[in-house]
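I opened the notebook to record what I looked up in this structure.

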Amino acid sequence: MKYKINSTVTGSLPKPNWIAETGKLWSPWKLSGEALELGKLKATLSSVEDQLSAGLSIITDGEQSRQHFVTTFIENLSGVDFKKRKVVRIRDRYDASVPTVISRINRKKPVFLKYAIFLRSLTKLPIKFSLPGPMTMVDTLYDKFYKSREKLAWRFAEVLNEEAKDLEKAGIDYIQFDEPAFNVFFDEVKEWGIAALERAAKNLKSKTIVHICYGYGIKANNDWKKSLGSEWRQYENIFPLLNKSKIDQISLECMNSKVPLELLSLLNNKEVLAGVIDVASKKIETPKEVFNLIKKITKYVSPKKLTCCTNCGMITLPPKIAQAKMESITKGSKLAEKYFFS
Ligand SMILES: [Zn+2]
């Protein structure tokens with residue numbers, strides 16, 4: 001059997017400027033109604049073409065159909081009132097005005113199914129789709145109904161599982177849950193966070209991924225990162241728990257991050273999606289730089305269990321730079337493949 005090192009993106013890709021403001025995080029849509037629906041499909045097509053031309057081996061929708069990685073999903077659920085807003089502290093880091101949970105959460109209809117079916121029609125390569133994780137969803141709302149973060153997370157997990165099963169039926173090979181909140185609430189991760197994540201992934205045949213990270217390069221995150229010291233060891237709290245979990249793959253940032261790579265040895269039961277591209281910098285990593293980082297990572301992760309990706313989403317980068325960075329992932333992975341497997 002010939003092994004390969006897969007290459008993909010972790011999260012968002014730049015949006016074309018006719019659908020939203022290019023380079024802006026959470027930019028409002030420039031279209032509405034039918035035009036927006038059609039626009040989302042057109043933007044997905046162009047994002048898939050970009051990934052194929054960069055040579056990535058696992059293709060995503062580039063998150064072209066969502067405005068925000070949590071809110072766009074929640075907007076399609078009943079039980080949340082978007083007009084009743086309250087300012088809460090998000091991930092213990094910054095204040096934001098958020099909607100209120102007012103009654104039982106239900107998924108009215110599939111949220112991303114249409115885009116998953118469309119993505120499946122565009123390529124024969126394996127495809128990946130991202131959903132928010134239950135703990136991060138809880139952390140993005142004010143809850144007047146369940147009055148328990150754990151109970152609300154559990155209900156979100158059930159609803160996410162319904163959505164994930166629809167995505168799986170549409171032919172999605174990898175389902176990724178984004179759980180940046182895992183990096184902050186260590187006690188809750190242990191008490192109910194992993195259980196809720198496993199509930200969201202229950203009985204899926206698609207490979208399951210959890211992406212934990214230190215966030216986009218926004219000011220609140222950058223300030224927080226400065227307070228973390230020269231080594232970021234937060235993952236030390238949660239990797240041993242994830243290593244025992246039913247989730248197949250763990251995604252984290254390795255390029256220019258202060259996460260000590262030796263922490264990867266805590267994931268010896270798992271496959272690893274290693275970020276080899278810095279999304280907070282416009283400097284384009286060379287394939288050689290990517291390859292050198294892969295060599296360092298493989299001191300702790302078998303190359304047979306490694307997929308290379310971006311540290312996080314690239315929505316804030318200019319499209320040309322994002323494209324060049326994707327090409328570097330492919331080329332760097334190919335250099336590593338040759339080095340390890342030929
Ligand atoms: Zn991320």
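**Entry 1: burial and overall build**

I needed a cut-off before counting: a residue is buried if 20 or more other C-beta atoms lie within 10 Å of its own. I also noted that this is a predicted model. With that cut-off, 45% of the 342 residues of the protein count as buried.

I looked up the secondary structure next. The protein has ten helices and eleven strands. Its radius of gyration is 19 Å, close to the 20 Å that the globule rule gives for 342 residues, so the protein is as compact as a globular protein of that length. I then checked the box that the C-alpha atoms fill. Along the principal axes, that box is roughly 55 × 45 × 40 Å.

Then I turned to contacts along the chain. I took contacts between residues at least 6 apart in sequence, and 77% of them join residues at least 24 apart.

**Entry 2**

I went on to helix pairs. Two packed helices are described by the angle between their axes and the distance between the axes.

Helix α1 covers residues 33-54, and helix α10 covers residues 319-341. Their axes are 8 Å apart, and the helices pack at an angle of about 40 degrees. That angle makes α1 oblique to α10. I noted the hand too: the crossing of α1 and α10 is right-handed.

Which residues meet here? From α1 I listed D50, Q51 and A54, and they meet Q323, M326, E327 and T330 in α10. Sorted by class, the contact of α1 with α10 has two nonpolar, three polar and two charged residues.

**Entry 3: α1 against α3**

I stayed with α1 and looked up helix α3, residues 113-122. The axes of α1 and α3 come within 10 Å and cross at roughly 35 degrees. This crossing is right-handed.

On the α1 side I wrote down K40, L41, T44, L45 and V48. They meet Y115, F118, L119 and L122 in α3. By class, the contact of α1 with α3 has seven nonpolar, one polar and one charged residues.

**Entry 4: α5 against α6**

Next I took α5 and helix α6, residues 186-200. Their axes come within 7 Å and cross at roughly 20 degrees. The crossing of α5 and α6 is right-handed.

I listed the residues that make the contact. From α5 they are R149, E150, A153, W154, A157, E158, L160, N161 and A164. From α6 they are E188, W192, A196, R199 and A200. By class I have eight nonpolar, one polar and five charged residues in the contact of α5 with α6.

**Entry 5: K169**

I kept to α5 for one more residue. K169 is found in helix α5. Is K169 buried or partly exposed? It has 13 other C-beta atoms within 10 Å, so K169 is partly exposed. I also checked K169 against I117. They are 52 residues apart in sequence, and their C-alpha atoms are 9.1 Å apart in space.

**Entry 6: two residues with positive phi**

I looked up backbone angles. K147 is not a glycine, yet it has a positive phi of about 55 degrees. K147 lies in the loop between β6 (142-143) and α5 (149-169). It has 9 C-beta neighbours inside 10 Å, so K147 counts as exposed.

N256 is not a glycine either, and its phi is positive at about 55 degrees. I placed N256 in the loop between β9 (249-253) and β10 (271-277). With 15 C-beta neighbours inside 10 Å, N256 counts as partly exposed.

**Entry 7: K305**

Where is K305 found? It is in the loop between α9 (287-297) and β11 (306-310). I counted 16 C-beta neighbours inside 10 Å, so K305 counts as partly exposed.

Not counting residues up to four places away in sequence, K305 touches E271 and V272. I then compared K305 with I5. The two are 300 residues apart in sequence. From C-alpha to C-alpha, K305 and I5 are 8.1 Å apart in space.

Terms used
Residues are numbered from 1 along each chain as its sequence is written. This is a predicted model: local features need pLDDT of at least 70, side-chain atom pairs count only at pLDDT 80 or more; totals for chains, interfaces and linings use all residues. Helices (H or I, at least four residues) and strands (E, at least two) are DSSP runs, numbered from the N terminus. The radius of gyration is taken over C-alpha atoms; the globule rule is 2.2 Å times the number of residues to the power 0.38. A residue is buried if 20 or more other C-beta atoms lie within 10 Å of its own, exposed if 12 or fewer, and partly exposed in between; C-beta atoms are placed from the backbone. Two residues are in contact if their C-beta atoms, placed from the backbone, lie within 7 Å. Axes are lines fitted to C-alpha atoms, for helices over the stretch in contact, and angles run from 0 to 180 degrees between N-to-C directions. Angles under 35 degrees count as roughly parallel, over 145 as roughly antiparallel, 65 to 115 as roughly perpendicular and the rest as oblique. A crossing is left-handed if the near helix is turned anticlockwise from the far one by less than a right angle, and right-handed if clockwise. Ala, Val, Leu, Ile, Met, Phe, Trp, Tyr, Cys and Pro count as nonpolar, Asp, Glu, Lys and Arg as charged, and the others, Gly among them, as polar.
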